[in-house]
Amino acid sequence: MSQVPSDWEVVIGLEVHVQLRTRAKVFASSPWGFGQEPNAQVDPVVLGLPGTLPVVNREAVEKAVLFGLVVGAEIPERCAWDRKNYFYPDNPKNYQLTQKDFPVVVGGRVEIELPGPSRNVMGEHKSVRIHHAHLEEDVGKLSHAGGGSLIDYNRAGVPLLEIVTEPDLRSAAEAEAFLRSLVAMLTQAGVADCDMEKGQLRCDCNVSVRRRGDAQLGTRTETKNLNSISSVRDTVIYEAARQIRELGAGRSIAQETRGWNAELARGYVLRDKEDAHDYRYFPDPDIPALKISRETVARLAKQVPENLYDRQRRYVEKLGLPYTAASVLVADRVLAEWFEAAVAAHPANPSGVANLVANDLLRDLTAAVPPIPLSACPIRPASLAGLVKLTDEGVISKQQAKEVFTEMFNTGQEAAAIVDAKGLRQNSDTGELEKIIREVVADPSVAKSIAEYRAGNEKAINALKGPIMKRTQGKANPGLVDQLLRRILG
Amino acid sequence: MAEGFDIDHLAKLARLSLTAEEKALYASQLGQILGHFQTLAQADLPATADGARVVDESVLRSDEPGPILGAEVVTRIAPASRDGQIAVPRVVDDES
């Protein structure tokens, strides 16, 4: 990764286009989805045929409002749609229905987490301001072949929420962290699926550079249509380096629209950026302005899930989880809720539960062929809690718990049933155990270790535990062995 | 250039190639039209709420997928088509 010289600052703003999770299109009732035959998901409204009128999809509006509530934005009483006029065949009407002056969402903030110095250490947190988000229609897909271009209008009219940030991001890492956080919020709230392989999230990336300490922003370029988080990161790195090189050589930066070639990892100039008035925006006469009732806003507010990082803080501060486990769990709302259901069944040891969920359970779910979704997990949250409880009570050792876990995963049986069937219950009979320990301690071969322990070498006691566990065939409770051994050795 | 607009720029946006005479004629006509709107804009009207153009959520459509035309119809009503897609003269937005 090329480093930005310390006397320069990179300023980034993003426009993120997200396809909302609806069944029908935003102004038409045509269905939409990925991977259909070209032009199979088109109706007369999508094509803008004479005599058709657009009608706004309630679900699209509510998903947009829900996003606003997730990021703590204002939901204005009124939103309205405008025509953005341009001549390009990706849109059959020669205009795109969008929101210019009265967007559905105004303001808001997205908390981001930067990578820490290591995986176990949490990185810096930052808050990124959202300028607004507006609800518009997606456009068709063009492919260029030979002397002509071919158009598939399946994507035309798909509900698209354009989320516009303030220029608050300062590095490629911050842009990447922002997109990860945004995707988590959108998917966890059920606003969008954000499947980038299917083009459900695309990004325009505004980049400028300035000398550190300058109050004025530099001239920015806009790189359009980036369809992966890595493309955004690479574009920022490339564009910042290019602009610093140009300015360093005494040249100026042209305000231009650019494209990104991911294969060659380089940017290129697209058409000159048209002035905003060239689009001749005007209020769409077919769609009246919409009043969004406060009752609707209040109802949707109840659907807002706990913020990802609020949840992470709660896990670390209230439940005492290590950061590594907490960060894994909160990244997936379903997983976090599964974990919480298990903790509810055994509240005494959240870390023990987290450890099994974030490590063993996730590992086995993903390693299965084909991978098993959490919804089809063979172990129920309460059953996993039962396993942790048996370990905590000293009925089985941690080592045995791993074995029981594997058996639970394979058979779906309860932990206690497996422990009994396999005769794994640890020996907690003090009298019998004490007898064994006294015999082991009396053996001359361990005299040296005993002397070392008594001389203050704490670790020397471990040399005695091996023979004791061997004599009990591993069934002795390690905690009890330790306790008795220390008492006997005085 | 007439006041408030640039006839060459407008012609370019509208993909029109105009002769000098046409430019003069349209610039004059467009100037008159804009002048008329300026007169309207100066009229002393009571401030009316634009509430007449605001509707509530009852007019929204439910998220129920409806009928489609089908690719066969879509391509048939298009001026030209190929491989189930609508064909147009080549428009390029690629890396050049």
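Two strands pair if DSSP finds at least two bridges between them. Strands here are DSSP runs (E) of at least two residues and helices are runs (H or I) of at least four, both numbered from the N terminus.

**Ground rules.** I noted that this is a predicted model, where local features need pLDDT of at least 70, side-chain atom pairs count only at pLDDT 80 or more, and totals for chains, interfaces and linings use all residues. Residues are numbered from 1 along each chain as its sequence is written, while chains are lettered from A and ligands numbered from 1 in the order in which they are written.

**Entry 1, E9(A) and its partner.** I looked up what E9(A) pairs with. I found strand E3 (residues 85–89) of chain B, running antiparallel and joined to E9(A) by four bridges. In this pairing A:Gly148 sits opposite B:Pro89 in E3(B).

**Entry 2, the hairpin in chain B.** E3(B) is also joined by two bridges to strand E2 (residues 81–82) of chain B, again antiparallel. B:Ser81 faces B:Ile86 there. E2(B) and E3(B) make a hairpin with two residues between them, and B:Asp83 in the turn has a positive phi of about 50°.

Next I traced an open sheet of three strands, in the order E2(A)-E16(A)-E1(B), with mixed pairing. Its edge strands are E2 (78–79) of chain A and E1 (54–55) of chain B, each pairing on one side only. E16 (residues 289–291) of chain A pairs with E2(A) in the antiparallel sense over two bridges, and A:Arg78 stands opposite A:Lys291. E16(A) and E1(B) run parallel, joined by two bridges, with A:Ala289 opposite B:Val54.

I checked how many residues touch (contact means C-beta atoms, placed from the backbone, within 7 Å). I got 44 residues of chain A against 35 of chain B. E9(A) gives the largest share of chain A's side, five residues. That side divides into 21 nonpolar, 14 polar and nine charged residues. (Nonpolar is Ala, Val, Leu, Ile, Met, Phe, Trp, Tyr, Cys and Pro; charged is Asp, Glu, Lys and Arg; the others, Gly among them, are polar.)

I found A:Leu247 in helix H4 (residues 229–248) of chain A. Not counting residues up to four places away in sequence, A:Leu247 touches A:Val209 and A:Ile253.

How values were computed:
Two residues are in contact if their C-beta atoms, placed from the backbone, lie within 7 Å.
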